[in-house]
Amino acid sequence: MSFQKHASDLFHTMSQMLELTGSDRFRVNAHAKASRIIKDTTVDLEPLARDGDLKAIAAIEGIGKGTAAKLIELAQTGTISEYEALCTKVPIGVMEVLGVQGLGPKTVKLMWEQKGVESIDDLKRILDDGSILELPRMGEKTVENIKASIAFLESSGRRLPIGIAQQVADRFITMLKEAPGTIRVAFAGSLRRGKDSIGDVDILIATTDPDAAREAFTTCDGVMQVLAKGETKCSIRTAIGDSASRWGKDKNAAVQVDLRMVDEPNWGAALLYFTGSKEHGVRLRERAISMGMTLNEYGLFKDASSEADFKKMPPQTRGIEPIACASEEAIYLALEMPFIPPTMREDRGEMKLTEPIHVIELEDIKAELHSHTMASDGKMTIEESAAIAKARGFHTLAITDHSQSSAVAGGLKPHRLCEHIKSIREANTRIDGITLLAGSEVDILVDGTLDYDDDLLHALDVVVASPHAGLRAKPKQATKRLLKAIEHPMVHIIGHPTGRLIEQREGLSPDMNEIIAAAIEHHVALEINSHWMRLDLRDTHVRAVVEAGALISINCDGHHPGDYDNLIFGVLTGQRGWLTAERCINTWDAKKLHGWLKSKR
DNA sequence: GCCGTTTTCGGCCCGACTGTTTTCAGTCG
């Protein structure tokens, strides 16, 4: 595990332990925030911490001298004394109990202190023998909810890949559009922000008939449990359904879906609020206060009232008219900020922007440079794939089937690749309106060499070099391997550079700063693989690439016709890394792109 | 623990829902 991931995990655990020991809540928050920033930052913390550079670390916003000192301690001694001290106070197993939905620090602390609950198994014990009912504020209904939450956690507690969450959201949106009285319906939350994995699906609806929406939502097919059913908010757990088979083995997979009912005139304020992130929302509300205003899900209010008792009532209930609420754009404008796209709302520096950043959009993509056909493990012919790419308005499609070492993927032996190149060239003469390029997704072997000899590589228009095996290698070895591929003069793109699979396989952890520096030096583009199981590079890597000024290539890695629809997830990942169109080679016009590809021949 | 266009001290976002409460605490996002 990388130093930063490890440090981030430690701070997260410390934050929970502080909460359980009744520490000052602002201190708890500061630790949680530090955990998030350590995970997200593009600053390489390990060398700074090893050198004891307190000043440089504390210069990162949200990281102060206290946290910086602990990071240095971690790098130099291997642990943090505050963490060790907390471990003697709080059994580590108590933290897993905090993961049960509906149980917060107060309740978990009570269970731990009064009933000796130090694990989920202990919790099950006091549920089974009924002694949980001896705790204050604990009744039959709460007990049932806890049992359901444990079952949820054990069956499918993990986060959903965005591709699956999107299917769930689309299903509910289609259903709610049919409900009587619906004016508008949309998904919000982390799904709208394009995160690579989604904890729960948020749906927003404006309707003249809330009762109908509530009924439709809580009684539709697949609903396993209704968690809340209130005036403005409903929560359910639903089976994932058809999508589960595509996802993998877990047919019992479930996900929580929240429905928020809002008034149409406040749509923008509600959408902004429920899109989050929580941290971005906090920053916005702080900014509003500093400007003498109040921001909530009903709007942005000029709130000069200083009466303390008035302050206790939200402005909308005091008859104050919002100065902005209809659209997100209006609210950002009133806050004197540029519009921040949903994908950038993570409190990763966007609050400091004075000018808008025009991040890449789906429509900017004009070429697909990584696709498979029936020649290897794809399910499309060259012609089928070309027709789809053409229909999407692409000017170029590169056919890049697997190389010989990927035996399970039907990788092509050299003589078959030669025949395949001929087929692609022949198809290119036959098919109008799109340029077909002959390429290959060439394995980067464990030692960093490529899977075909240079003569054969030279015959290809596009070389996507990707790691497929040996994905458990140590960071140093992984860095060396990828660097060797980047330095190869005939490589255009490094495909899914880390080989991670979301929620399934961590993949490689190379030194991204070294990788990016080499990519710049050797004019190699790093891929954002758009498949929702991969999204590799991930958002924070893209941000580092963008800051350093390297090139990105966003590709579908299509095997099935439907895989072209995954492109949006790659684009959203790019946006999350603040990627602009000009840094992405797939947005270039044909002349520029083909010229760049030929420069490596 | 962090931070500063009043501040190195004294603040630190806002509202909804549930369950067990007879007026509200705990949790969530």
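Tutor: The surface near DNA strand B (a residue is near if one of its heavy atoms lies within 4 Å of the strand) draws at least two residues from each of several elements, including helix 2 (25-40), helix 8 (105-115), helix 10 (140-156), strand 5 (223-229) and helix 16 (278-290). Helices (H or I, at least four residues) and strands (E, at least two) are DSSP runs, numbered from the N terminus. This is a predicted model, in which local features need pLDDT of at least 70 and side-chain atom pairs pLDDT 80 or more, while totals for chains, interfaces and linings use all residues. Residues are numbered from 1 along each chain as written, chains are lettered from A and ligands numbered from 1 in the order written, and side-chain values use heavy atoms, without hydrogens and water.

Helix 16 contributes the most to this surface, with 5 residues. In total, 48 residues surround DNA strand B, and among the closest are Thr 107, Arg 137, Tyr 273 and Arg 285. By class, 14 are nonpolar, 16 polar and 18 charged; here Ala, Val, Leu, Ile, Met, Phe, Trp, Tyr, Cys and Pro count as nonpolar, Asp, Glu, Lys and Arg as charged, and the others, Gly among them, as polar.

A side-chain N or O atom of Arg 285 lies 2.5 Å from a base oxygen. For Glu 286, a side-chain N or O atom is 3.3 Å from a phosphate oxygen. Lys 233 instead places a polar backbone atom 3.2 Å from a phosphate oxygen.

Technical notes: Polar contact = N/O pair within 3.5 Å; in protein donor to acceptor, adjacent residues only side chain to side chain.
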